[in-house]
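This report covers the fold, the surface and the charged pairs of one protein. Please have the structure open as you read.

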Amino acid sequence: MKIEDIEKRSLEYAEITAPTYANGDFESTIADAFEHGANWRINSVWHSYKIKPDKGKLLLVEDIDSAYDLVYLNNSNSWEELSKKSHYMRWAYVEDLLPNKQEE
C-alpha cells in the first residue's frame with residue numbers, strides 16, 4: 001500500500017465524519033479517529049482466499065485455525081488447489097505489511 005492510498009482514504013473518511021466538540025472531549029474524538037485509521041490500515045491489506053494473488057509474491061496466509069504461514073506462489077502451484085487443501089481464509093502480500101519507507 002502506498003502513502004497516496006492512505007492519504008486518499010483519510011480524506012474520504014474526513015468527508016463522511018465530522019468531529020464534534022461535546023462536553024470538552026475533543027481529544028477522545030481525535031483518539032477515536034486515529035484508532036479507526038489504524039484499524040483500517042491493518043485490515044485493508046488482507047484479502048479473501050477467493051481473490052487470487054499474483055504469482056511471484058510472498059504471502060502471509062491465515063487458515064481456519066487462525067494459524068499463519070508464509071507462502072511463495074509460483075508457477076508450479078495453483079492458488080485454488082493450495083488454498084482449498086490448506087483451508088486458507090485470507091492472505092496479504094508481505095510487502096504490504098512492511099512499514100512505508102520515509103523520505104529523509
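## Contacts and model

A contact means heavy atoms within 4.5 Å. Among contacts in the protein between residues at least 6 apart in sequence, 60% join residues at least 24 apart.

This is a predicted model, where local features need pLDDT of at least 70, side-chain atom pairs count only at pLDDT 80 or more, and totals for chains, interfaces and linings use all residues. Residues are numbered from 1 along each chain as its sequence is written, and side-chain values use heavy atoms, with hydrogens and water left out.

## Fold and surface

The protein has 4 helices and 4 strands. Helices (H or I, at least four residues) and strands (E, at least two) are DSSP runs, numbered from the N terminus. Their order along the sequence is α-α-β-β-β-α-β-α.

Of the 104 residues, 19% count as buried. Buried means under 20% relative accessible area, exposed over 50%, and partly exposed in between (1.4 Å probe, protein chains only).

## Salt bridges

The whole structure holds 2 salt bridges. Each is a side-chain nitrogen of Lys or Arg within 4 Å of a carboxyl oxygen of Asp or Glu.

K57 and E95 form a salt bridge at 3.2 Å, N to O. K57 sits in the loop between β1 (47-48) and β2 (58-63) and E95 in helix α4 (residues 94-97), so the pair ties together parts 38 residues apart in sequence. K57 is partly exposed at 25%. E95 is also partly exposed, at 48%.

R90 and E62 form a salt bridge at 2.4 Å, N to O. R90 lies in strand β4 (residues 88-93) and E62 in strand β2, 28 residues apart. R90 is partly exposed at 27%, whereas E62 is buried at 10%.
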